[in-house]
Amino acid sequence: MRRAYAVLGLGTAMFLAAASMTLLPNGTQASSTEATFLVPAADGYGVAECLISNQPCGQVVANTWCEAQGYKQAISFRQIEAEETTGSVQKVSVTASEDRPISITCAN
């Protein structure tokens with residue numbers, strides 16, 4: 001009798017696990033097809049070093065950033081000018097050109 005209850009309990013648990021898998025989303029794709037992100041140059045990870053200096057690792061780093069945000073690939077990346085930021089949250093004064101944020105545009 002105990003074996004029958006154990007098998008029934010195991011079968012029920014497996015059924016519920018399989019049913020819950022069908023409720024999960026199919027992927028982590030972002031809702032829009034294109035988005036632009038501003039990444040601080042001094043983020044501590046060295047992202048700006050590859051993106052600014054036109055090294056071959058720039059495209060790889062940009063693609064990895066986009067994939068981490070749920071997009072397929074980076075279609076462009078560049079260092080933005082100080083005039084392009086609005087400073088709506090806090091007025092930022094950037095004196096050195098290497099401290100300006102990096103713009104990465106991602107697409108699905």
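Student: Which residues is C66 in contact with, leaving aside its neighbours within four places in sequence?

Tutor: C66 is in contact with Y71, Q73, A74, I104, T105 and C106, where contact means heavy atoms within 4.5 Å. Do bear in mind that this is a predicted model: local features need pLDDT of at least 70 and side-chain atom pairs count only at pLDDT 80 or more, while totals for chains, interfaces and linings use all residues. Residues are numbered from 1 along each chain as its sequence is written, and side-chain values use heavy atoms, leaving out hydrogens and water.

Student: Why is Y71 called buried?

Tutor: Buried means under 20% relative accessible area, exposed means over 50%, and partly exposed is in between (1.4 Å probe, protein chains only). Y71 has 8% relative accessibility, so Y71 counts as buried. This residue lies in the loop between α3 and β2. Y71 and T33 are 38 residues apart in sequence, with their C-alpha atoms 8.0 Å apart in space.

Student: What are G46 and Q55 called on that scale?

Tutor: G46 has a relative accessible area of 30%, so it is partly exposed. Q55, at 42%, is therefore partly exposed as well. G46 lies in the loop between β1 and α2, and Q55 in the loop between α2 and α3. Not counting residues up to four places away in sequence, Q55 touches E49 and C50.

Student: What makes a stretch of residues a helix or a strand, and how are they numbered?

Tutor: They are DSSP runs: a helix is H or I over at least four residues, a strand is E over at least two, and numbering starts from the N terminus. The protein has three helices and three strands, and from the N terminus on they run α-β-α-α-β-β.

Student: What makes β2 and β3 a pair?

Tutor: Two strands pair if DSSP finds at least two bridges between them. β2 and β3 (residues 102-107) have six bridges, in the antiparallel sense. R78 has S103 as its bridge partner in β3, and Q79 stands opposite I102. On the other pairing, six bridges join β1 to β3, again antiparallel, and there E34 has A107 as its partner.

Student: Why are β1 and β2 called edge strands?

Tutor: The open sheet of three strands has the order β1-β3-β2. β1 (34-39) and β2 (73-79) each pair on one side only, and those are the edge strands. From one strand to the next, the twist averages 20°. Helix α3 (residues 57-68) lies across β1, β2 and β3, at about 115° to β2; axes are lines fitted to C-alpha atoms, for helices over the stretch in contact, and angles run from 0 to 180 degrees between N-to-C directions.

Student: What makes β3 mostly covered?

Tutor: Six of its six residues are buried. I102, I104 and C106 point one way from β3, while S103, T105 and A107 point the other way.

Student: What makes a set of residues a nonpolar core, and which residues have the most contacts inside the largest one?

Tutor: A nonpolar core is a set of buried Ala, Val, Leu, Ile, Met, Phe, Trp, Tyr and Cys residues joined through side-chain atoms within 4.5 Å. The largest has 13 residues, and those with the most contacts inside it are L51, C66, I102 and I104.

Student: Where is confidence lowest, and where is it highest?

Tutor: The scale is pLDDT, the predictor's confidence in each residue, from 0 to 100. Helix α1 (residues 2-21) is lowest, at a mean of 60, and β3 is highest, at 91. The protein averages 74, and 59% of the residues score at least 70. Where pLDDT is low, the predicted coordinates should not be read in detail.
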